[in-house]
Amino acid sequence: MLGPVEVTVDDRGVPLGPPQRRAVLAALAVDADHPVSLGTLIERVWDLPPDRATDSLYAHIARLRQALTGTEVSIERRGGGYALEVDPDRVDAHRFRRLAKEAQTHAGDDLTRATLLAEAMDLWRGAPLTGIPGDWAARVRYSIEQQFVGAIVTWAQAQLRMGRPDLVVTELTPLVPRHPLAEPLAGMLMRGLRALGRTAEAVALYARLRGYLTDHLGIEPGPELRALHQELLRGDHDPLTRAAGRSGTRELLFAQVTGSSR
């Protein structure tokens, strides 16, 4: 789900059919291993359900069942609806949430937290539910993307504390333009640039973000980003990275995430 909706077996894609059929699969996968009522499925798949929507839904489910034959995934009738019978951890969106939640339990262990979040980030292949139309898909897409932004901000904080601003700058540079309203993401990139001695680039990044917000929304950046901007202009040290700087850079191995996968 973190990209085009697809099923893979041994790195081979399973033919699923047209976008509407993939929407049915996504509507089941978001509640993996739990029943989803017919009414809920119809609401998720169609903004304006057609006549005989139930018959269309049955046809899509029949085709999906056929496509999933021989895999470890099946669609079963359960509780007055249908359930996608699969271990939720084998659905990338559910695995992402589990890893991000687990990372939050390691507040005092930046290495473990960063490693878990890097694994979560590596699951991304593009915009969630790519190619799936409709209001429901748009809401799910927005919700998951917000969770992704939160996860990468937490990852960046851990990396800066461990003295790895180079990795933060590499990963966040392509992401910030794609999420222009995510001020915490821009703030982490600005901090990473400052830690590398590239303060002028951090100030320029703030100027671009401020321009976008004022031009498109008529608002100024929030107080935290404005305060960070003032710190940059004054040449203040960053308390988030100062401790890491004293202890020196630690060479760590992390799952790498390419900008093209977001």
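Three elements each supply at least two residues to the lining of the largest pocket: strand β1 (8-9), helix α1 (19-29) and helix α4 (92-104). The model is predicted. The pocket holds about 560 Å³ of space. Its lining counts 21 residues, and the closest to the centre are Glu 6, Val 7, Thr 8, Arg 90 and Val 91. What kinds of residues make up the lining? It divides into 11 nonpolar, seven charged and three polar residues.

**The hairpin**

Next come two strands. Strand β4 covers residues 74-78, and strand β5 covers residues 81-85. They run antiparallel, and five bridges join them. Glu 76 has Ala 83 in β5 as its bridge partner. Together β4 and β5 form a hairpin, with two residues between the strands. Gly 79 sits in the turn and has a positive phi of about 60 degrees.

**The aromatic rings**

A pair of aromatic rings is described by two values: the distance of the centres and the angle of the planes. The count of aromatic pairs here is two. The table gives both.

| Ring pair | Distance of centres | Angle of planes | Class |
|---|---|---|---|
| Phe 96 and Trp 124 | 5.7 Å | 80 degrees | edge-to-face |
| Trp 124 and Phe 148 | 4.3 Å | 40 degrees | tilted |

Why is the pair of Phe 96 and Trp 124 edge-to-face? Its planes stand at 80 degrees, and the class takes angles over 60 degrees. This pair links distant parts of the chain. Phe 96 belongs to helix α4, while Trp 124 lies in the loop between α5 (110-121) and α6 (135-161). The two residues are 28 residues apart.

The pair of Trp 124 and Phe 148 is tilted because its planes stand at 40 degrees, between the limits of 30 and 60 degrees. This pair also links distant parts of the chain.

Phe 96 has 1% relative accessibility, so Phe 96 is buried. Trp 124 is at 3%, so Trp 124 is buried. Phe 148 has a relative accessible area of 2%, so Phe 148 is buried as well.

Trp 124 takes part in the pair with Phe 96 and in the pair with Phe 148.

Notes. Residues numbered from 1 in each chain as written. Predicted model: local features only at pLDDT ≥ 70, side-chain atom pairs only at ≥ 80, totals over all residues. Heavy atoms only, no water. 1 Å grid on protein atoms, 1.4 Å probe; cavity = no way out; pocket = protein on both sides within 12 Å on 5 of 7 lines; lining within 4 Å. Points joined across faces, edges and corners; volume = space filled by probe spheres on them. Helix = DSSP H or I, 4+ residues; strand = E, 2+ residues; numbered from the N terminus. Nonpolar A, V, L, I, M, F, W, Y, C, P; charged D, E, K, R; others polar. Pairing = 2+ DSSP bridges. Phe/Tyr/Trp six-rings, centres within 6.5 Å; stacked < 30°, edge-to-face > 60°. Buried < 20%, exposed > 50% of the residue type's maximum accessible area, 1.4 Å probe, protein only.
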